[in-house]
Amino acid sequence: IQKVEKSLAIVLFERTNKRVMLTPKGKLVTEKFLNVLASLKQLEGLRDDQAGQTLRLGIFPTLAPFFLPKFIPKLKSILSSLTVYVSEDKTNGITAQLLRGELDCILVAYPLEDNAQLLHQIVFDDPFYLAVSNKNKLSKKRMISLNDLKDETILLMDEGHCLRDQALDICHHQLLHVDPNYRSTSLETLRAMVSSDWGVTFVPKICLDENPLISYIPIKKPQLKRTIALYWRKSVVQPEVIQQFLEGIRASLVS
């Protein structure tokens, strides 16, 4: 107590041979100490199971607007106590946020490079369809072979989008012609270009819509797909919350 008095330059107690009393300033300091102790007690009350009721999720743009509206309502009914905060950005962006500790987990296309600090589990597969204008002769086909695309121009997303990397990989393996002069910043713009018969593109099943100007055609074997995985840091403080969230995703996908 004397060290505290010396540090604060305040006399906290009036001392005599018979009694010790708080000084007026000592009473004020005591009140503040009690407030600090009460705050510490509140922090002690934040047990792991209580602190784990929020989760910061990162997700990339060609998945977020199609997956989240279907998934979040189902997840709320399954995990009503879990609040999910969503950050949408390209894969590189949300991966960097995850590694910096700004996000708890991310949904990205598997595999993710440079992931030595991360753990992951596969969530679902998302098959690719060919998107063609209804003006294109290919729109009459019920099934497409990649050989059918030798004379077609393939439209791709801009740099940094994983959908571009996946489609580009397909094109390189099949020696398909990619339009070097056009790169879309969004899937909706890409669809607009397809609908005007500027070219064709690959669209994941979860992103299909009911566009009257576009036909989405399944692709013959080998089936082309992207695999979506959940990644999180090995050092995450509450892995049980990640597992709870992962189980909730899987349950929502089959319900």
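This is a predicted model: local features need pLDDT of at least 70, side-chain atom pairs count only at pLDDT 80 or more; totals for chains, interfaces and linings use all residues.
A residue counts as exposed when its relative accessible area is over 50%, as buried when that value is under 20%, and as partly exposed in between.

**The whole chain.** Begin with the protein coloured by secondary structure: eight helices and eleven strands are present. Of the 255 residues, 42% are buried. Contacts between residues at least 6 apart in sequence join, in 74% of cases, residues at least 24 apart. With a surface displayed, the accessible area comes to about 15,000 Å², and carbon and sulfur atoms account for 54% of that area.

**The core.** Next, select Leu 63, Phe 67, Leu 107, Phe 202, Leu 230 and Phe 245, the residues with the most contacts inside the largest nonpolar core, a set of 69 residues. Strand 6 (residues 118–133) contributes eight residues to this core, the most of any element. Then centre the view on Leu 230. Beyond its neighbours within four places in sequence, the contacts of Leu 230 include Leu 57, Cys 105, Leu 107, Leu 119, Val 123, Ile 242 and Phe 245. In soluble globular proteins, nonpolar side chains tend to be buried together.

**Salt bridges.** The whole structure holds six salt bridges. Select Asp 104 and Arg 56, whose closest N and O atoms are 2.9 Å apart in a salt bridge. The two residues are 48 apart and link distant parts of the chain: Asp 104 sits in the loop between helix 5 (91–99) and strand 5 (105–110), and Arg 56 in strand 3 (residues 54–59). Asp 104 counts as buried because its relative accessibility is 14%, whereas Arg 56, at 32%, is partly exposed.

Move to Glu 102 and Arg 100, which form a salt bridge with 2.9 Å between the closest N and O atoms. Glu 102 is partly exposed at 39% relative accessibility; Arg 100, at 54%, is exposed.

Asp 125 and Lys 225 come next, their side chains meeting in a salt bridge at 3.2 Å, N to O. This pair also joins distant parts of the chain, with Asp 125 in strand 6 and Lys 225 in strand 11 (residues 225–233), 100 residues apart. Both partners are partly exposed, Asp 125 at 40% relative accessibility and Lys 225 at 42%. Finally, select Glu 188, Arg 191 and Asp 209, which are linked in a network of salt bridges.

**A surface patch.** End at Val 4, Leu 8 and Phe 33, which form a nonpolar patch on the surface with about 240 Å² of accessible area together. Val 4 belongs to helix 1 (residues 2–8) and is partly exposed, with a relative accessible area of 32%.

Terms used: Residues are numbered from 1 along each chain as its sequence is written. Side-chain values use heavy atoms; hydrogens and water are left out. Patches are made of residues with over 30% relative accessible area and no salt bridge: like charges are joined within 9 Å, nonpolar side chains (Val, Leu, Ile, Met, Phe, Trp, Tyr) within 5 Å. Accessible areas come from the Shrake-Rupley method with a 1.4 Å probe; for residues, only the protein chains shown count as cover. A salt bridge is a side-chain nitrogen of Lys or Arg within 4 Å of a carboxyl oxygen of Asp or Glu. Helices (H or I, at least four residues) and strands (E, at least two) are DSSP runs, numbered from the N terminus. Buried means under 20% relative accessible area, exposed over 50%, partly exposed in between (1.4 Å probe, protein chains only). Contact means heavy atoms within 4.5 Å. A nonpolar core is a set of buried Ala, Val, Leu, Ile, Met, Phe, Trp, Tyr and Cys residues joined through side-chain atoms within 4.5 Å.
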